[in-house]
Amino acid sequence: MVIDDDADLRRLVQVTLEFTAGWAVAVAADGAAGLALVRAEAPDAVIVDLMMPGMDGYEVCRRLKQDPATATIPVVFLTARKRLDEAKVRAVGAAGVLFKPFELDDLAAQIAALCGTTS
Amino acid sequence: MSDPNRPSGAERDAAFAAVLREFVDGLPQRLLVLRTALEGLARGEQGDLLETLHVRAHSLKGTAAAFGALEVSACARAVEDRAHRWVRGGAVRRDELPAARDELRRLEQAAAAYAAGAFPGGSR
């Protein structure tokens, strides 16, 4: 599942993962909608943009990890920032970070590697 | 034997072309939001214009980079960085408005150049 407030980025990641890895990818445009969709669909992983209006990626991750129903779902942050507070990333329980720009052909493999699964 | 459920190369190309088209077609609206925010700040308008300038420039920086529009991304970063400095400083630096307008103009030019070359041969 992809949670990102930018419609073009959301669609690009969705199409990339669907066509390069054959994954079915649900999308949400903000943190609140994303949390509801995660609880409804229990995806294998959640890719969430860090900087979103309202609820940011850190808060989305923190809430997912606090809920026993979603706590084991790996969360990967997506960001255009050059540097992140690694301690904060670890503290909220994220599996890892993808930095924009990312290689589209390798995106599924990178996500799988961060989540400790195979693509 | 090919998998009938596996999308063909043509289907994949069409899907990516459609996503690219949406991004390119949406560039003028993204730029209008930035221009409107900056000019509103120049007129001394209050509200969330500075946050809009910062967040929307940040968003364009990342999305443009993902689409391979690296010059657009770099120009958006310049707009974002200045807006971020204003946010941290608590106010718009009026003496920096001409430079901010120049950065936004360069972003608009980069976006126009990218859009002009996004669909070689004009095939949209």
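Let me begin with Val48(A), whose bridge partner in strand 4 of chain A is Phe77(A). Here helices (H or I, at least four residues) and strands (E, at least two) are DSSP runs, numbered from the N terminus. What we are looking at is a predicted model, in which local features need pLDDT of at least 70 and side-chain atom pairs count only at pLDDT 80 or more, while totals for chains, interfaces and linings use all residues. Residues are numbered from 1 along each chain as its sequence is written, and chains are lettered from A, and ligands numbered from 1, in the order in which they are written.

Strand 3 (residues 46-49) of chain A pairs with strand 4 of chain A in the parallel sense over four bridges, where pairing requires that DSSP finds at least two bridges between the strands.

On to the next pair: strand 4 of chain A and strand 5 (residues 96-99) of chain A run parallel and are joined by four bridges, and Val76(A) has Gly96(A) as its bridge partner in strand 5 of chain A. This crossover, which goes through helix 4 (residues 86-91) of chain A, is right-handed.

Is strand 4 of chain A mostly covered or mostly uncovered? Of the five residues in strand 4 (residues 75-79) of chain A, four are buried, and a residue is buried if 20 or more other C-beta atoms lie within 10 Å of its own, exposed if 12 or fewer, and partly exposed in between, with C-beta atoms placed from the backbone.

Two loops of chain A deserve a look. In the loop between strand 5 and helix 5 (107-115) of chain A we find Pro101(A), which is joined to Lys100(A) by a cis peptide bond with omega about 0 degrees. In the loop between helix 2 (31-41) and strand 3 of chain A lies Ala42(A), which has a positive phi of about 45 degrees although it is not a glycine; Ala42(A) is exposed, with 12 other C-beta atoms within 10 Å.

Finally, the two chains together: 13 residues of chain A are in contact with 17 residues of chain B, contact meaning that the C-beta atoms, placed from the backbone, lie within 7 Å.

Methods
A crossover is right-handed if, with the strands pointing away from the viewer, the path from the first strand over the helix to the second runs clockwise.
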